[in-house]
Amino acid sequence: MANFGPSEYMILHPEKVGFFALFLALLFPCWKKLPDGAAEISSSVPIKRFYVILSLIGQKILLFVVNLLYGSRQKAEILLNSLSLHRDITSAFKLAFGGEEMVQSFSQSDGYRSFYYYLDGRRDLYKGSHINCIPGMKDIGRIKDYSLFELSVMASNLSYENEIYVKDVVTNTWKMHFVEFFNCYNEYQKQYTTHAFVFCDRPVNARVIVVAFRGTSEKANWGTNIEFSWLSMGKKGKIHLGFLKALGLQDEKDFQKGWPKDYTGAKPLAYYSIRETLKALIEQHKDAVIIIAGHSLGGALASLYPLILAYNEQIAILDRLWGVVTVGEPRVGDEDFCNYMEKLLNSKYKRYCRMVYKHDIVPRVPFDHPFGTICPFKHFGDCLYFSCWFKAEVLKDMPNKNYFGLLYIPAKFFNAWLDLITAPFLWISNGKDFTETWPSWFYRFLGLFIPGIAFHSVRDYLNSSRLAQLATKVEKME
């Protein structure tokens, strides 16, 4: 690996500065410096003080909102689990609003299911999906009659569950080969907050190896998502620092020290642990290709994973990569990053596709804006955009790319109402597999207030990947 010189970085610390100090700094631009402890910015990066302060204020507001949302979602998850397991409303409320120790113990039990399970508990794979891949991708056919996109979305959904349940579904429901479940450490959060699992379509002579990263499921994950800090990887661009940390970054100010080729630490880090498993699998299955998938935060980690493989010169793994398929993925890097990833993944044939459903807010953040040192994050590659459950089109970027476009406000609320009204009847024309769950319907109702949140549900992505048709014919590429 070449020596690229000192890294550029911008690290915000909203937890170290109060709102009052930030507002004073905003009101009195004659104070040249940022409030003490507010940010660390490398000397080579010009500081645009106004935008840095605005970003700190924005991140503090988001942290406050996220804490409220996480608390509400956690209580809903515990209530749903308690009602499902014990069917006792009184006990369920006592548990949901009980002590932290009681909640922690209950949430780690084998029978506990994620919030996403109650939005969409489907576990059987579906053979009727119309879209196997998008134009330009290498068409390797279906796996056991299942679409590659169906497999990717279902794996992304399943990743939210515990290891025992994941293994049972892969082995007994999908009739495939479970390889390993990963609970990985985040050096900066000092917690095991990055999760993924790996499986093959069969134990011998596998055709496909799938890596599925879990999305946002814990409070610490929400903090990762709303971080505005970035780290430059030289010509590979500026990258969202929170996502790099989740994959196993070891130095937040120097990407070369942060991504050594070999790791000898005691705690499992996601990039290295999964890499070693993939090395063994491609030796064992000589003809297998690799799919990397994930929803939300998991999609961000999936799209970054090939970048670190390339930096560490893991050519054998990259050569076997069929594609990265992400579901509701946030932006992860700047324009230089996008240009590099285009060359890495889409030069010979396309090996990347991100799915976006309607006005899902998550793919539209962090915002694509020119705020100086606040990195203007962008997407790369093709977007498989679902304008409804039945229609898909391949776009370079989704409509309303920063979510707050005034012209799109009527469409967002109209579509939120449309999904709320029609979802309960989807099963009539498409079968019982599309029966709406009552938690999902209620989640859609809450989405009337912030439509972009409801559109982020894995359920809509799964409905769309199964029902939508793509007009463009996919030509087989050798």
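Let's start with helix 12 (residues 297-311) and helix 14 (residues 335-346), which pack at an angle of about 80 degrees with their axes 11 Å apart. This is a predicted model, where local features need pLDDT of at least 70 and side-chain atom pairs count only at pLDDT 80 or more, while totals for chains, interfaces and linings use all residues. Residues are numbered from 1 along each chain as its sequence is written, and side-chain values use heavy atoms, leaving out hydrogens and water.

Helices here are DSSP runs of H or I with at least four residues, strands are E runs of at least two, and numbering goes from the N terminus. Axes are lines fitted to C-alpha atoms, for helices over the stretch in contact, with angles from 0 to 180 degrees between N-to-C directions. Helix 12 and helix 14 are therefore roughly perpendicular, a label for angles of 65 to 115 degrees.

Who meets whom? From helix 12 come Ser303, Leu304, Pro306, Leu307 and Ala310, and from helix 14 Phe337, Tyr340, Met341, Leu344 and Leu345, with contact meaning heavy atoms within 4.5 Å.

Now, two backbone details. Most residues other than glycine have a negative phi, and most peptide bonds are trans. Asp145, which is not a glycine, has a positive phi of about 70 degrees; look for Asp145 in the loop between helix 5 (115-119) and helix 6 (148-158). Val365 and Pro366 are joined by a cis peptide bond, with omega about -15 degrees. You'll find Pro366 in the loop between strand 10 (352-357) and strand 11 (382-388).

How values were computed. Parallel < 35°, antiparallel > 145°, perpendicular 65-115°, else oblique.
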